[in-house]
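Subject: Structure for you to look at

Hello,

Here is the structure I said I would pass on. My notes on it follow below.

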Amino acid sequence: MSTLSVLPRGLARSVLRLHRTALIVWGVFVVGSVGYLVWLTEVTADSAYATLDACPRDEACGLGAAYTFSTAMGWISTFMYYSYWAVAAWAGGALVGRELESGTARLAWSQGVSPARWLAAKLALPAVALVLGGAVFVPVYRWAWSAHRDLMGDHLLFNDVFADHGPLVVAYGLCALAVGTLTGLLLGRPLPALAISVAAMTLLNRTLEHRRPDPLPTSDFWPAHLTETGLVLTITALATTAAFGLLRHRTA
C-alpha cells in the first residue's frame, strides 16, 4: 500500500499538487541531462575527432573541439552533483516551511491525518524521484564519461565526477531532503529554512570533500566512494529521525 493511499482523497490530491511542479522540473532535468550525454557521446564526439584529425601534426587547432566537448560533459556532471542545493532549498522552503507558516499542515492534521503520516506522505514521492533519477543518470553518465577519455580533461578526483560515478550523488539528494525537512520543522518559516538548509548541506559537502583521498589511485575509488555514501546516508537517517521526533514532540 502506497503512502498516499492511506490519506483522505482531498489531502492526497493536495500532496500530489504540492509535488507536481518539483517532480516535473526534476524529471525534465534528468531526462535532459541523459539525452545530452547521449548526444555528446554519439554525435558531438565524432565532430571533435574529425576536427582533431584535420589539424596538422603538432598543432593545437583541434584542442578547442576537445575542450568544448569536455566542458559540456563537465557542466552536466556539475549540475547533477550540486542539485542537492535545489533539493535542500525546496524541502526547507516549499515542502515544510511554507506549509507550517500558512497553516496548511495543521489543517491536514485536523482532518484525521496524523502528523507522522502527513510528513511521511510528503517525503515519499521526492525520495522515490531522487532514487529513480539517480538510477537513470548514473549508468549513462559512467558510460559517457568513459567513452572518449582522450577528449576529456577531468579525472575521478574531481568532486562532481567522484560523486556522479555511483550512489553518492543520490545520497546527497536524499540527505538534502532530510536536512531541509528538519530545518523547515525547526524554523517554520520558508525563507530562513531555505537559506539554512542550503548552508548546512554546503558545509557538510565541503567537509566530506576535504576528507577524500588525495591523490586517488583507481583502486581507492570505490572504498572512498562507498564510505562517503555510507556517511551521508547515516546523516540522512539521523536527520529524518530527528524530524519525525521533533514533529511528534510539538504535536503531542
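The side chain of Arg211 reaches the backbone oxygen of Thr207 at 3.2 Å, which is a polar contact (a pair of N or O atoms within 3.5 Å; within protein, one must be able to donate a hydrogen and the other to accept it, and residues adjacent in sequence count only if both atoms are side-chain atoms). Arg211 sits in the loop between H8 and H9. Helices here are DSSP runs of H or I with at least four residues, and strands are runs of E with at least two, numbered from the N terminus. Arg211 counts as exposed because its relative accessibility is 63%; buried means under 20% relative accessible area, exposed over 50%, and partly exposed in between, with a 1.4 Å probe and protein chains only. From the C-alpha atom of Arg211 to that of Ala224, 13 residues apart along the chain, the separation is 9.4 Å.

A note on the source: this is a predicted model, in which local features need pLDDT of at least 70 and side-chain atom pairs count only at pLDDT 80 or more, while totals for chains, interfaces and linings use all residues. Residues are numbered from 1 along each chain as its sequence is written, and side-chain values use heavy atoms, with hydrogens and water left out.

Now the protein as a whole. Its secondary structure consists of nine helices and zero strands. The C-alpha trace spans about 75 × 35 × 35 Å along its principal axes. Of the 252 residues, 46% are buried. Taking contacts (heavy atoms within 4.5 Å) between residues at least 6 apart in sequence, 83% join residues at least 24 apart.

Next, helix H9, which covers residues 221–251. Its 31 residues should span 45 Å at 1.5 Å a residue, and the end C-alpha atoms are 45 Å apart, so the two agree. The expected span is 1.5 Å times one less than the number of residues. Buried residues of H9 include Phe221, Ala224, His225 and Glu228. Among the elements covering the buried residues of H9 are helix H5 (115–147), helix H7 (168–187) and helix H8 (190–209).

His148 counts as buried because its relative accessibility is 13%. A polar atom of the His148 side chain lies 3.0 Å from the backbone oxygen of Thr41. The side chains of His148 and Tyr49 make a polar contact of 3.2 Å. Not counting residues up to four places away in sequence, His148 touches Thr41, Ala45, Tyr49 and Phe69.

Asp154 is also buried, with a relative accessible area of 12%. Its side chain is joined to that of Trp145 by a polar contact of 3.1 Å. Leaving aside neighbours within four places in sequence, Asp154 is in contact with Trp145, Arg149 and Val161.

The C-alpha atoms of Leu63 and Arg20, 43 residues apart along the chain, are separated by 43 Å.

Regards
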